[in-house]
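Here's a quick briefing to read alongside the model. Have the viewer open and follow along.

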There are 2 protein chains.
Amino acid sequence: MNNRITSLFEIEYPIIQAGMIWCSGWRLAAAVSNAGGLGLIGAGSMTPEVLEEHITKCKAATNRPFGVNVPLIYQYVEKQFEIMVRHGVKLVFTSAGNPAKYTTWLKEFGFTVVHVVASARSAVKCEQAGVDAVVAEGFEAGGHNGREETTTFTLIPLVRKSVQIPLIAAGGVATGRGMLAAMVLGADGVQVGSRFAASEESSAHQAFKQKITEVKEGDTMLSLKRLIPVRLIRNAFFQQVSDSENRGAGLEELQQLLGKGRARLGMFDGNTEEGELEIGQVAAMIDRVQPAGEIVKEMIEEYDIARKEITQ
Amino acid sequence: MNNRITSLFEIEYPIIQAGMIWCSGWRLAAAVSNAGGLGLIGAGSMTPEVLEEHITKCKAATNRPFGVNVPLIYQYVEKQFEIMVRHGVKLVFTSAGNPAKYTTWLKEFGFTVVHVVASARSAVKCEQAGVDAVVAEGFEAGGHNGREETTTFTLIPLVRKSVQIPLIAAGGVATGRGMLAAMVLGADGVQVGSRFAASEESSAHQAFKQKITEVKEGDTMLSLKRLIPVRLIRNAFFQQVSDSENRGAGLEELQQLLGKGRARLGMFDGNTEEGELEIGQVAAMIDRVQPAGEIVKEMIEEYDIARKEITQ
């Protein structure tokens, strides 16, 4: 498979493992890159020191390209970029912020810059800012999400019509069949989160991985819409938020309820009732914890089968 | 194109025109059936007398098969079935209700029965009830919608895994590319609503059709979630509902605000600010009013191109 995404990242398959807080450290990123996809370290839950350690370990664990996901609203964003430059890791996926703010600076340092969007409007801004590719993430995706609630099926063709740069589809993609469907809709590659969050190499707590495999349809829901929308598993914490919202709670009350460290508590420390469990709707299709390399291999095999079927 | 859906309905292409209140009368159904798809009369906004008139006119306008969509919560449901039997139209798409209630009776009268679902769980109930095929409709679809908010990209593979009967994908499908993607995900055919609602033969008011062509991403939203979720265009009525919900309004207040005849007011009478305008997210891709036959033709052409592209 050779296309604009495999060329841009110098990888074998256009499968990108999402850079997810508390889930994607060096072990997962290296495993995906070694399998021919693109691994990403999720820096959004790392101090600069921790990120540096993960980059060093990832370089030791793979000779293939890997990248780092940096949320632009994160306090350490500039320090994270400095560490990446120092270690020669010049592939960054930025998210949650204005792509115009850092892209020129990053490009001057030789970075390949990909930005995550939830609308065609934002994709156009990325292209104008000089971003190399966009990830377009639909409503069904886990974690933080757009306010317009546009689904992958609608979003991908809209973004494809609006920009020329390479397009990576995210949200609902966990299989080779989903990968082919996304490419039919106009994507050049896919970003997979939930299935890798539940992989053996994921740094998520075992209890969270177990929970992902148990999720059925309807078990995740977009929450905290008045603060910043985030797709969560319905658990005790989700219910508390939901009840407060239905009572008409103000932003301050919601902010207080959210508090600090809820995501770590749920995903990394394994408190699956009181913690914030970010996962996509597609978790309903994930029923076991597998090695990340096996996931890449299965996706490619299924992609090839689906491609043959559709042409018969 | 020959598959389980074209065989079941004896049609050329597995494209079903959704039976939509206030939009799909005999003109639209006949035009779609004449073009090789399956046209549906939307009986949910018709008295038995009006349905009878539409069936009679539709039979005069096409020799091809067509069907009727009947919401099972509708007051005239049994009378509608009687009229269908009397006129020999034995193809029914039922929605919004329990498929077990009428399916056995309908099958005894020789009906082909298709039921609309928003979850794999409901699809299994349909199969158990003896339904011939299901329409699985994602969160992005216009009009009434499931509470679980599962998107087309996630829903289709889940339903495919759960039932053996033929599967029609709905929600977000308006193009040949969307049709191919849905079939890659496991569908045997597609149901298209929004694009046909804006067709020349649609009985919708010109002002509503115009509005559909103007919809941009983010301009529709799932509303009235505490009553029965429905995807609407954001207009003055939508805003009133939204404000009331944010104030924590009770069911009675919402019911009163909705009142009677809002859907007719918006879609048929053309009051695009005070009326209820049901349309899917994919309206963001629809930019002109076309003849329904041209829509079917364009979809098939694009489907063939996309199919060739993906195999290169």
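This is a predicted model: local features need pLDDT of at least 70, side-chain atom pairs count only at pLDDT 80 or more; totals for chains, interfaces and linings use all residues.

Residues are numbered from 1 along each chain as its sequence is written, while chains are lettered from A and ligands numbered from 1 in the order in which they are written.

**Confidence**

- Chain A has a mean pLDDT of 96, with 100% of its residues at 70 or more; pLDDT is the predictor's confidence in each residue, from 0 to 100.
- For the model, ipTM is 0.97 and pTM is 0.97.

**How the chains pair up**

- Chain B puts 38 residues into the contact and chain A puts in 38 residues, where two residues are in contact if their C-beta atoms, placed from the backbone, lie within 7 Å.
- On the side of chain B that touches chain A, α6 (120-129), α7 (152-162), α8 (176-184) and α14 (292-311) of chain B each supply at least two residues. Helices here are DSSP runs (H or I, at least four residues), as are strands (E, at least two), numbered from the N terminus.
- The most comes from α8(B), with six residues.
- By class, that side of chain B has 16 nonpolar, 14 polar and eight charged residues. Nonpolar covers Ala, Val, Leu, Ile, Met, Phe, Trp, Tyr, Cys and Pro, charged covers Asp, Glu, Lys and Arg, and polar takes the others, Gly among them.

**Domains of chain A**

- Chain A splits into domain 1 (4-203 + 286-311) and domain 2 (206-282), with bounds that come from an automatic or database domain assignment.
- Between the C-alpha centres of domain 1 and domain 2 of chain A there are 23 Å.
- Their contact draws 23 residues from domain 1 of chain A and 17 residues from domain 2 of chain A.
- On the domain 1 side, β7 (143-144) and α9 (194-197) of chain A each supply at least two residues.

**Helix α11 of chain A**

- A:F237, A:F238 and A:V241 are buried in α11 (residues 236-246) of chain A. Buried means 20 or more other C-beta atoms within 10 Å of the residue's own, exposed means 12 or fewer, and partly exposed is in between, with C-beta atoms placed from the backbone.
- The face turned away from the buried side of α11(A) carries the exposed A:A236, A:Q239, A:D243 and A:N246.
- Cover for the buried residues of α11(A) includes β10 (220-223), β11 (230-233), α12 (251-258) and α13 (262-268) of chain A.

**Helix α4 of chain B**

- B:Q80, B:F81, B:I83 and B:M84 are buried in α4 (residues 77-86) of chain B.
- Down the axis of α4(B), its buried residues fall within an arc of 160 degrees, so they line one face of the helix.
- Just after α4(B), B:G88 has a positive phi of about 70 degrees.

Note on methods: The arc is that of the directions from the helix axis to the C-beta atoms.
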